Amino acid sequence: AYRRLAEAPERRRVTVLFPTLVFGGGEDRPTSHLTGGLDGIVRYLWALRWFTLDGSLHFVHAADIARVVAHLLDHPAPGEDFVLGNAAHTVDEVLDAFCEYYALPRSRALNLTPLAGLIQAIAGSKMNSWDRYCLKQRHFRYQCVNPRHFGLPAGYERLVDILYERDPRALRGYPAPEPAT
């Protein structure tokens with residue numbers, strides 16, 4: 001669809017948004033796939049903290065996507081493409097943030113990157129084509145924008161902001177995130 005849009009005469013009137021990994025949702029809103037998986041990460045964090053994997057990623061919160069979309073409706077950017085997300089984080093940075101937030105020590109970690117082929121073979125049919133692609137293409141880095149790019153207040157730029165939304169009782173020495181307006 002994107003390739004066909006590029007060839008269409010209407011392209012110059014359309015703004016295209018590409019979200020990165022999306023967090024968000026709750027009791028009164030649908031939960032994103034990524035937010036739904038946080039419980040599993042927290043449950044196994046005691047073990048995950050001993051491993052590392054070469055890779056990097058961006059994330060964005062659904063509330064920040066909504067804030068950018070509302071802004072672009074009032075201030076159109078026709079013909080532009082935007083990748084919505086925050087600064088890239090390595091897998092180690094993500095695990096460090098989780099461990100720090102939940103007050104778990106983290107030291108030297110076993111690098112699983114050389115075992116990617118073995119992991120794929122063991123997982124077999126449980127891995128779909130996207131999972132296999134991600135094991136091969138481990139760094140997803142883009143020029144991303146978030147609400148701050150458009151002069152809007154920061155929303156969920158840090159992983160701690162998302163963890164706090166999910167589990168504010170676990171806050172360990174962090175100031176509570178500023179409420180987004």
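Ala103 is placed in the loop between H6 and strand S8 (110-111), where helices (H or I, at least four residues) and strands (E, at least two) are DSSP runs, numbered from the N terminus. The model is a predicted one, in which local features need pLDDT of at least 70 and side-chain atom pairs count only at pLDDT 80 or more, while totals for chains, interfaces and linings use all residues. Residues are numbered from 1 along each chain as its sequence is written, and side-chain values use heavy atoms, with hydrogens and water left out. Ala103 has a positive phi of about 55° although it is not a glycine, and this residue comes just after H6. Most residues other than glycine have a negative phi.

The protein contains nine helices and nine strands, and its C-alpha trace spans about 50 × 40 × 30 Å along the principal axes. Of the 181 residues in the protein, 33% are buried; buried means under 20% relative accessible area, exposed over 50%, and partly exposed in between (1.4 Å probe, protein chains only). Among contacts in the protein with a separation of 6 or more, 79% are between residues 24 or more positions apart, a contact meaning heavy atoms within 4.5 Å.

Helix H6 covers residues 91-101, and its buried residues are Val91, Val94, Leu95, Ala97, Phe98, Cys99 and Tyr101. The elements that cover these buried residues include helix H3 (38-43), helix H4 (45-48), strand S3 (51-52), strand S4 (56-57), strand S7 (89-90) and helix H9 (159-166). The C-alpha atoms of Ile41 and Phe98 are separated by 8.8 Å, although the two residues are 57 residues apart along the chain. Ile41 has a relative accessible area of 30% and is therefore partly exposed.

Phe23, for its part, touches Ser32, Leu34, Thr35, Leu38, Phe59, Val60, His61, Ala62, Leu159 and Ile162, not counting residues up to four places away in sequence.

Helix H5 (residues 62-74) contains His71, which counts as buried because its relative accessibility is 15%. With residues up to four places away in sequence not counted, His71 touches Phe150 and Leu152.

Rolling a probe the size of a water molecule over the atoms shows where empty space is left. On a 1 Å grid over the protein atoms alone, a pocket is an open set of points where a 1.4 Å probe fits, with protein on both sides within 12 Å along at least five of seven lines, and lining residues have an atom within 4 Å of a point. The largest pocket holds about 1,700 Å³ of space, the volume being the space filled by probe spheres set on the points, which are joined across faces, edges and corners. Its lining consists of 38 residues, of which Leu21, Leu34, Leu57, Val91 and Cys134 lie nearest the centre. At least two lining residues are supplied by each of strand S1 (16-19), strand S2 (21-23), helix H2 (33-36), H3, S3, S4, H6 and helix H8 (129-136). By class, the lining has 27 nonpolar, eight polar and three charged residues, with Ala, Val, Leu, Ile, Met, Phe, Trp, Tyr, Cys and Pro counted as nonpolar, Asp, Glu, Lys and Arg as charged, and the others, Gly among them, as polar.

Strand S1 also takes part in an open sheet of three strands, which has the order S1-S6-S9 with parallel pairing; two strands pair if DSSP finds at least two bridges between them. The edge strands, each pairing on one side only, are S1 and strand S9 (144-145). Four bridges join S1 to strand S6 (residues 81-84) in the parallel sense, with Val16 opposite Asp81 and Leu17 opposite Phe82. S6 and S9 pair in the parallel sense over two bridges, and Cys144 in S9 is the bridge partner of Val83.
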